Amino acid sequence: MPFARSLRCRECGREYPLEPLHVCEFCFGPLEVSYDYEAMHRTVTRASIERGPNTAWRYADLLPVDPEHAVDIHAGFTPLVRARNLGEHLGLKHLYIKNDCANPTWSFKDRVVTVAATKAREFGFDTLACASTGNLANSVAAHAASAGLDAYVFIPSDLERGKIVGSSVYGATLVAVDGNYDDVNRLCSELADKYQERTPGGRRWAFVNINMRPYYAEGSKTLGYEVAEQLGWRAPEHIVAPMASGSLYVKIWKGLQELSRLWLIDSVQTKMSGAQARGCSPIVTAYEAGTTNIRPVRPNTIAKSLAIGNPADGYYALKVMEESGGFGVASDDAEIVEGIKLLAESEGIFAETAGGVVIAGLKKLALQGKIAPDELTVAYITGAGLKTQEAIEGALAEPLHIEPTMASFEASIGDPVRQSVG
Ligand SMILES: *Cc1c(COP(=O)(O)O)cnc(C)c1O
Ligand SMILES: [Zn+2]
């Protein structure tokens, strides 16, 4: 907090005070938090971070919020798993999985919401809201419950059951909108403009990913910091991350760059590869066409958490891809299901559809030689599979169904003793 200086327009560079603003008044460019890195460098060390809590809040000095009043349900500091089996299968010798399923609401969204909810309370908002593809709704509902704030979460009406239950259980008001995420987002942008000041009921609403977006987005940097710290303070050589709006992907890169700027790691040589579902791949399609001009699409994929047809940060994601030498990769729904099963069967990690997108993309990049066997590679698994069971149910073996007798069991599997002897 002491090091955040202003909001800065990503397009024209104009500066604004640290208030609930998100677009530049002059050019309509997005605003981003800027910091005093000189002062930060004098205070922040590896040791000062390592002394912090085992949550995303250990990086509080690099975030634009006051940790004293954190809305904290223990987001972050999730396992970085050495993936030997999957690595062997794909011919990658140094493969790791960043398992962000292990967050309080089972997705990486807890990292962005803990920051946005803290900032919203700091600004005196009394209601937390969002436009969500599912996981954000869960996280906003949970953080609002913990902070004693009201919650209104807006979702496309065709969302998975697990994501609906996973919001309403916390007492949030769930608004299912007939339309896709881009329709939900358009509606919420209008609501945010109006309800930021005051609703008809006299409340003030913070839409975490709209009027709080500059603060919210900074939470994703912790996914860059954490992986570098867990690798013994070094950046991976190759990263594969999922892209919806592109924000997470861009902020992992920003996080790594900041660590290097603070002399906490060497210069960053990481290739940043971004994965999307073929049924909603506006960023990867632009990458493949060699343009930074993103054409919005109408999503049609089982990867609903990534189904943003008009990605707000798509342009910046393409810039990072180009600058870092990474690749864009897209997979169809069958490959996504295979990706979910491959990760579960090789590493014991049950990811949601976004994880299937990442593993399917990782597999393609490895087979095409775009990730070299020796590269230290990290694949980001950002959400848990129990929320999206309908995506894979049809692709799994049914249980063996038996009577409660030895005979019935042995008839169903054959005689295991004789099998192993034979
Ligand atoms: C929201 C989300 C993402 C990425 O979102 P961005 O809009 O690109 O920041 C990735 N994985 C899961 C599971 C998500 O819910
Ligand atoms: Zn501007």
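**The interface between the two domains**

Reply: In this predicted model, the rule finds 8 salt bridges across the interface of domain 1 and domain 2. K163 forms a salt bridge with E352, and the closest N and O atoms of this pair are 3.0 Å apart. Polar contacts also span the interface of domain 1 and domain 2, where the rule finds 27 residue pairs, both residues of each being at pLDDT 80 or more.

On the side of domain 1 that touches domain 2, the elements that give two or more residues are strand 3 (31-35), helix 1 (37-43), helix 2 (46-50), helix 4 (109-122), helix 5 (135-147), helix 6 (161-168), helix 7 (181-195) and helix 8 (213-218). Helix 5 supplies the largest share of that side, with 4 residues. Sorted by class, the side of domain 1 that touches domain 2 holds 16 nonpolar, 14 charged and 8 polar residues.

The protein chain is divided into domain 1, which takes in 4-72 + 109-216, and domain 2, which takes in 80-106 + 220-395. In the contact, 38 residues come from domain 1 and 43 residues from domain 2. Taken over C-alpha atoms, the centres of the two domains are separated by 22 Å.

The size of an interface is often expressed as the accessible area lost when the parts come together. Between domain 1 and domain 2 the buried area is about 3500 Å², and carbon and sulfur atoms give 49% of that area.

Note on methods: Residues numbered from 1 in each chain as written. Chains lettered and ligands numbered in written order. Predicted model: local features only at pLDDT ≥ 70, side-chain atom pairs only at ≥ 80, totals over all residues. Heavy atoms only, no water. Domains from an automatic or database assignment. Contact = heavy atoms within 4.5 Å. Buried area = accessible area lost by both parts, 1.4 Å probe. Salt bridge = Lys/Arg side-chain N within 4 Å of Asp/Glu carboxyl O. Polar contact = N/O pair within 3.5 Å; in protein donor to acceptor, adjacent residues only side chain to side chain. Nonpolar A, V, L, I, M, F, W, Y, C, P; charged D, E, K, R; others polar.
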